[in-house]
Amino acid sequence: MTAAVSRSTDERRRAVAEFVRGRADSLDRGETDVRTDLAQIGESCLLAAGLGKHGIGEMVAVIEDVAAESLTVGFSLWAQRMSLEYIDRAPAPLRDRYRDDLAAGRIVGVTAMAAALKHLAGLGELPLTAERTADGLTVSGPIHWASNVFPDSLIVFPARGTDGTRYVAAVRANAPGVRIAPAPDLLALGAASSTSLTFERVHVPADHVVTDDLGGFCGGIRPTFLLLQTAFCSGITRAALTESAARLTGLGAQFAGEHEALAARYESLRERLHRFAADPVTAGSADLIRLRLDGSVVAVAATRLESTLRGGAGYASSSATNRRFREAAFLPIQSPSEGQLRWELSQYE
């Protein structure tokens with residue numbers, strides 16, 4: 001750890017990106033999973049980059065660099081950092097118990113907060129219900145989709161109490177009553193261990209309740225949630241446009257105008273991303289929603305252009321072009337989905 005700290009942040013980011021690059025193919029083939037990558041990023045003191053500071057530009061840059069090499073790792077890194085953000089805002093006993101292990105990658109974090117953001121947007125009820133007990137909560141119901149779900153992960157989730165209280169709480173994935181569904185075969189990102197879960201009267205100790213003010217809590221974390229999601233969109237877009245730029249000759253010259261237009265959209269996206277990340281509280285809700293939506297749309301377009309320019313070689317499932325194309329296909333449906341983002345944005349128009 002001391003050796004990692006002695007190097008500059010840029011040097012550590014480059015080293016981590018190289019590490020992720022070397023594992024991207026084996027991750028895509030399902031020969032390993034993201035826990036090794038998260039531990040390496042934690043060992044490099046980058047998982048907690050800028051934690052607790054006013055701006056999150058450092059973490060945005062880390063996720064961009066990682067996602068440029070593997071969106072699978074970039075996505076899992078986002079989930080890990082958000083879990084760390086939640087625990088960093090928790091009462092001291094819970095914070096002290098888990099924060100350092102999350103920051104080091106020794107414990108993998110599951111962010112199951114998508115349902116909360118959807119609920120607060122007026123698009124559905126919280127699926128988990130909580131009954132208050134003498135020593136905490138008893139929680140039941142489904143988590144329809146979550147990532148980084150390993151047997152010893154820490155799950156941070158929202159739940160609605162029978163008295164109307166809305167909670168955020170944490171529980172280990174191996175706690176009695178937590179049922180993890182077999183992970184489905186996915187088009188990509190399988191190494192991120194995404195699946196559904198069911199809670200069957202899971203006991204949550206009182207000292208594992210993060211807050212009973214769901215609205216206030218989510219208002220505080222939502223800018224970071226959306227900005228760091230946009231960062232992995234930006235990262236994969238950069239990789240696809242860089243690969244495409246080398247193929248704009250011969251028949252590829254027919255796509256030079258499309259590449260130029262996409263590069264301009266990417267530069268606009270990245271400028272806004274880093275400007276908002278420097279001072280997240282100043283970014284308006286509509287600006288953040290539009291940024292996240294633009295990130296998804298540009299990433300999908302960039303990976304499609306790369307695939308077109310690469311031709312048959314990019315159709316091979318073992319190619320990085322093919323992997324990026326499949327990975328980016330997840331972005332429009334990841335929560336908040338493109339439909340949700342468009343609907344939320346329409347409320348400001």
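A residue is called buried when its relative accessible area is under 20%, exposed when that area is over 50%, and partly exposed in between, with a 1.4 Å probe and protein chains only. By this criterion, both Trp78 and Phe232 are buried. The structure is a predicted model, in which local features need pLDDT of at least 70 and side-chain atom pairs count only at pLDDT 80 or more, while totals for chains, interfaces and linings use all residues. Residues are numbered from 1 along each chain as its sequence is written, and side-chain values use heavy atoms, with hydrogens and water left out.

A nonpolar core is a set of buried Ala, Val, Leu, Ile, Met, Phe, Trp, Tyr and Cys residues joined through side-chain atoms within 4.5 Å. The largest such core has 70 residues, and the members that touch the most others are Leu77, Trp78 and Phe232. Helix 8, which spans residues 214–245, supplies the largest share of this core with 12 residues. Helices here are DSSP runs of H or I with at least four residues, strands are runs of E with at least two, and both are numbered from the N terminus. Contact means heavy atoms within 4.5 Å. When residues up to four places away in sequence are not counted, Leu77 touches Leu38, Ile41, Leu47, Met59, Val62, Ile63 and Val66.

The aromatic residues come next. A pair of aromatic rings is described by the distance of the centres and the angle of the planes. Rings of Phe, Tyr and Trp (its six-membered ring) pair if their centres lie within 6.5 Å; planes under 30 degrees apart count as stacked, over 60 as edge-to-face and the rest as tilted. Seven aromatic pairs are found in the whole structure. In one of them, the ring centres of Trp78 and Phe232 are 6.1 Å apart and the planes stand at 80 degrees, so the pair is edge-to-face. Because Trp78 lies in helix 5 and Phe232 in helix 8, this pair ties together parts that are 154 residues apart in sequence. Tyr86 and Phe217 form a tilted pair, with 6.0 Å from centre to centre and 50 degrees between the planes. This pair likewise links distant parts of the chain, with Tyr86 in helix 5 and Phe217 in helix 8, 131 residues apart. Tyr86 is buried at a relative accessible area of 0%, and Phe217 is buried at 8%. One aromatic cluster is formed by Phe75, Trp78, Phe225, Phe232 and Phe330.

Helix 5 also contains Gln80. This residue counts as buried, since its relative accessibility is 1%. Leaving aside neighbours within four places in sequence, Gln80 is in contact with Leu38, Leu47, Leu102, Gly105, Ile107, Val108, Gly109 and Asn148. A polar atom of the Gln80 side chain lies 2.7 Å from the backbone nitrogen of Gly109.

Helix 12 is mostly covered, with seven of its nine residues buried. Those residues are Thr321, Asn322, Arg323, Arg324, Arg326, Glu327 and Ala328. They pack against helix 2 (9–28), helix 4 (57–69), helix 5 (71–88), helix 8, helix 10 (285–310) and helix 11 (312–315). Within helix 12, which covers residues 320–328, lies Arg326, a buried residue with a relative accessible area of 15%. The side chains of Arg326 and Asn322 are joined by a polar contact of 2.5 Å. A polar contact is a pair of N or O atoms within 3.5 Å; within protein, one must be able to donate a hydrogen and the other to accept it, and residues adjacent in sequence count only if both atoms are side-chain atoms. Beyond its neighbours within four places in sequence, Arg326 is in contact with Asp28, Leu187, Ala188 and Ser317.

Some backbone details complete the account. Ser335 and Pro336 are joined by a cis peptide bond with omega of about -5 degrees, and Pro336 lies in the loop between helix 12 and helix 13 (338–346). Cys45, although not a glycine, has a positive phi of about 60 degrees. Cys45 is found in the loop between helix 3 (35–43) and helix 4, and counts as partly exposed at 25% relative accessibility. Arg201, in strand 7 (residues 195–205), has a positive phi near 50 degrees, in a residue other than glycine. Arg201 is exposed, with a relative accessible area of 53%.
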